[in-house]
Amino acid sequence: MSNLPQQPYRIPQVLRDLQLVDVLELTGSTTASAAQIGLSQASVSRRYRALARELGLQRLAAASMGKRYGDTPWLQLLRRGINSHRLAWGVLRLGGSDQDAALWQGQHGVEWVTLGRRQQQHWQPLLQLELLDAVALQELPPDAVTGDLPYRLLRSPHGWLACRLEPVVLRLAERLGFEDTGAQRR
């Protein structure tokens with residue numbers, strides 16, 4: 001990580017359309033995705049349709065959270081590669097509500113995603129599918145310490161952060177000021 005340039009992270013052009021699939025999953029609509037990444041809604045729709053044709057992806061509105069815009073083994077592998085690139089630059093993909101956006105949007109080391117309402121309610125699969133590295137939570141939901149999806153809870157003055165268990169994710173979250181509580185789902 002130390003030999004990478006000390007400038008803001010910007011996803012390479014070649015990976016941007018692949019990132020578009022993740023943003024669609026995270027925001028829940030082409031309109032919200034367009035606002036998130038600074039494109040028109042028509043451009044987002046056109047780019048997704050072209051990528052879906054090329055990769056054999058299908059839009060499945062009734063599919064489970066995180067799998068509505070494409071659920072293929074190669075998409076998951078491509079996502080892991082993109083995530084590795086971003087994490088190597090020291091940037092967490094952090095999601096949360098509109099009220100959290102003011103705190104995290106534009107902060108060095110954070111790629112902020114304002115989650116759609118449904119995504120805010122069902123954030124655990126977004127971590128499991130590696131669509132997000134962490135989710136900002138104002139308070140712990142009742143099921144935050146039960147279940148079978150692994151994640152770690154970190155605490156800061158701003159609230160809670162549910163993080164994937166990868167060591168690099170946890171290190172980057174701690175750099176943002178979150179403290180490890182030792183609370184982990186299993």
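This is a predicted model: local features need pLDDT of at least 70, side-chain atom pairs count only at pLDDT 80 or more; totals for chains, interfaces and linings use all residues.
Residues are numbered from 1 along each chain as its sequence is written, and side-chain values use heavy atoms, with hydrogens and water left out.

Searching the whole structure gives 11 salt bridges, each one a side-chain nitrogen of Lys or Arg within 4 Å of a carboxyl oxygen of Asp or Glu.

Let's start with glutamate 130 and arginine 80, whose closest N and O atoms are 3.2 Å apart. Glutamate 130 sits in the loop between α7 (124–128) and β3 (134–137) and arginine 80 in helix α4 (residues 73–88), so this bridge ties together parts 50 residues apart in sequence. Helices here are DSSP runs of H or I with at least four residues, and strands are E runs of at least two, numbered from the N terminus. Glutamate 130 is buried at 14% relative accessible area, whereas arginine 80 is partly exposed at 39%. Buried means under 20%, exposed over 50%, and partly exposed in between, with a 1.4 Å probe and protein chains only.

Next, glutamate 111 bridges to arginine 93 at 2.8 Å between the closest N and O atoms. That pair links strand β2 (residues 110–114) to strand β1 (residues 92–96), 18 residues apart, and both side-chain partners are buried residues.

Finally, glutamate 166 meets arginine 164 at 2.1 Å, N to O. Shared partners join Asp22, Arg79, Arg80, Arg86, Arg93, Glu111, Glu130, Asp133, Arg164 and Glu166 into one network.
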